[in-house]
Structures are given as structure tokens and as C-alpha cells.
Amino acid sequence: MNYTFNDDSPIFQQLAKALEDDIFLCTYKEGSAIPSTTELSVALHINPATVLKAMNLLLDEGLIEKKRGIGMFVKEGAVERIKDRRKSLFQSKFLTPMLQEAKRLGMDREEIISAIMMEEEK
């Protein structure tokens, strides 16, 4: 676990994102335990309350679940939920603005597809 934090957003949000990435990349597989709040706070030298806030974000998003007396575990279907949300975000953040600009430039479908294929070949 080698997370680097910056000043761009609160640490708990950055930690939640890092843990989400680890879940998505199957560092923590569905059904497996993730490190405890104490383990993360000690390893990362951050306040346990900060770690708890990050964990609560993941709980709220349905990516992890708490098993009383045992710990936190990655929920079944978490990877698919992350993928679905990221696809939606990708569309709204990248595709929609790209297509709007292509329309302003007068590009047709074939030109857009050709441009994407050229980028893909790089």
C-alpha cells in the first residue's frame, strides 16, 4: 500500500479513491477483507477518523460492507458498480464535450471515428 496524498482535495476523499482503485484493479478482491481503520492509519500516518471517513464513503457507495467483529470486506459486485459509474463519468466528462466540439467543427461521424482510430494507433 503506497498512497500519495496531495492538497487538491481532502485526504479522506483521496484515500477512498485510492481504495476504490485497489478494488477495481482487484488488489482487494470481492469478498476479501480490506485493511482495518487502525492498520491504514498506522501504515499511512494519518488520523483514524480520516480513514473512517474514507471507509464510510465506500460503505455509502455500496463497495464495502462491515461484518461486525470481523472487519470490512469488499462487496460482491463492487467492481461492476465501479465500472458502471466510471463509464458514466467518462461519457459526461470526456465524450459529451468531445462530440459537442466535433459538432461545432462540422465533423461528421466518419471523421470522428477516423480521428479516434488514429489516436488508438499511436
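**Figure 1. Arg85 and Glu61 in the predicted model.** At 38% relative accessibility, Arg85 counts as partly exposed. This structure is a predicted model. The side chain of Arg85 meets that of Glu61 in a salt bridge, with N and O 3.4 Å apart. Arg85 belongs to helix α4, whereas Glu61 sits in the loop between α3 (48-60) and β1 (64-67), so the pair ties together parts that are 24 residues apart in sequence. Glu61 is also partly exposed, its relative accessibility being 36%.

**Figure 2. The salt bridge between Arg86 and Asp21.** The closest N and O atoms of Arg86 and Asp21 are 2.3 Å apart. Arg86 is a residue of helix α4 and Asp21 one of helix α1, so this pair ties together parts that are 65 residues apart in sequence. Arg86 counts as partly exposed, at 24% relative accessibility. Asp21 is likewise partly exposed, with a relative accessible area of 25%.

**Figure 3. A network of salt bridges.** Side chains of opposite charge can pair when their charged atoms come close. In this view, Lys17, Glu20, Asp21, Glu61, Arg85 and Arg86 are linked in a network of salt bridges. Among its members are Arg86 and Asp21, which form a salt bridge with each other, and Arg85 and Glu61, whose side chains also meet in one. The count for the model comes to seven salt bridges.

**Figure 4. The largest pocket and its lining.** Rolling a probe the size of a water molecule over the atoms shows where empty space is left. The largest pocket has a volume of about 230 Å³. Its lining consists of Lys17, Glu20, Arg85, Arg86, Leu89, Phe90, Lys93 and Phe94. The elements that give two or more residues to this lining are α1 (11-24) and α4 (78-104). Helix α4 supplies the largest share, six residues. Sorted by class, the lining has five charged residues, three nonpolar ones and no polar ones. Lys17, Glu20, Arg85 and Arg86 line the pocket and also belong to the network of salt bridges.

Figure 5. Which side chain meets that of Arg104 in a salt bridge? The partner is Glu101, at 2.8 Å from N to O. Arg104 counts as exposed, with 60% relative accessibility. Glu101 counts as partly exposed, with 36%.

**Figure 6. A nonpolar patch on the surface.** Met98, Leu99 and Ile116 form this patch. Together the three residues have about 240 Å² of accessible area. One of them, Leu99, is found in helix α4. Leu99 is partly exposed, its relative accessible area being 44%.

**Figure 7. Lys67 and Phe24.** Lys67 lies in strand β1. At 35% relative accessibility, Lys67 counts as partly exposed. How many residues apart in sequence are Lys67 and Phe24? The two are 43 residues apart in sequence, and their C-alpha atoms are 21 Å apart in space.

Note on methods: Residues are numbered from 1 along each chain as its sequence is written. This is a predicted model: local features need pLDDT of at least 70, side-chain atom pairs count only at pLDDT 80 or more; totals for chains, interfaces and linings use all residues. Side-chain values use heavy atoms; hydrogens and water are left out. On a 1 Å grid over the protein atoms alone, a cavity is a set of points where a 1.4 Å probe fits but cannot get out, and a pocket is an open set with protein on both sides within 12 Å along at least five of seven lines; lining residues have an atom within 4 Å of a point. Grid points are joined across faces, edges and corners, and a volume is the space filled by probe spheres set on the points. Helices (H or I, at least four residues) and strands (E, at least two) are DSSP runs, numbered from the N terminus. Ala, Val, Leu, Ile, Met, Phe, Trp, Tyr, Cys and Pro count as nonpolar, Asp, Glu, Lys and Arg as charged, and the others, Gly among them, as polar. A salt bridge is a side-chain nitrogen of Lys or Arg within 4 Å of a carboxyl oxygen of Asp or Glu. Buried means under 20% relative accessible area, exposed over 50%, partly exposed in between (1.4 Å probe, protein chains only). Patches are made of residues with over 30% relative accessible area and no salt bridge: like charges are joined within 9 Å, nonpolar side chains (Val, Leu, Ile, Met, Phe, Trp, Tyr) within 5 Å. Accessible areas come from the Shrake-Rupley method with a 1.4 Å probe; for residues, only the protein chains shown count as cover.
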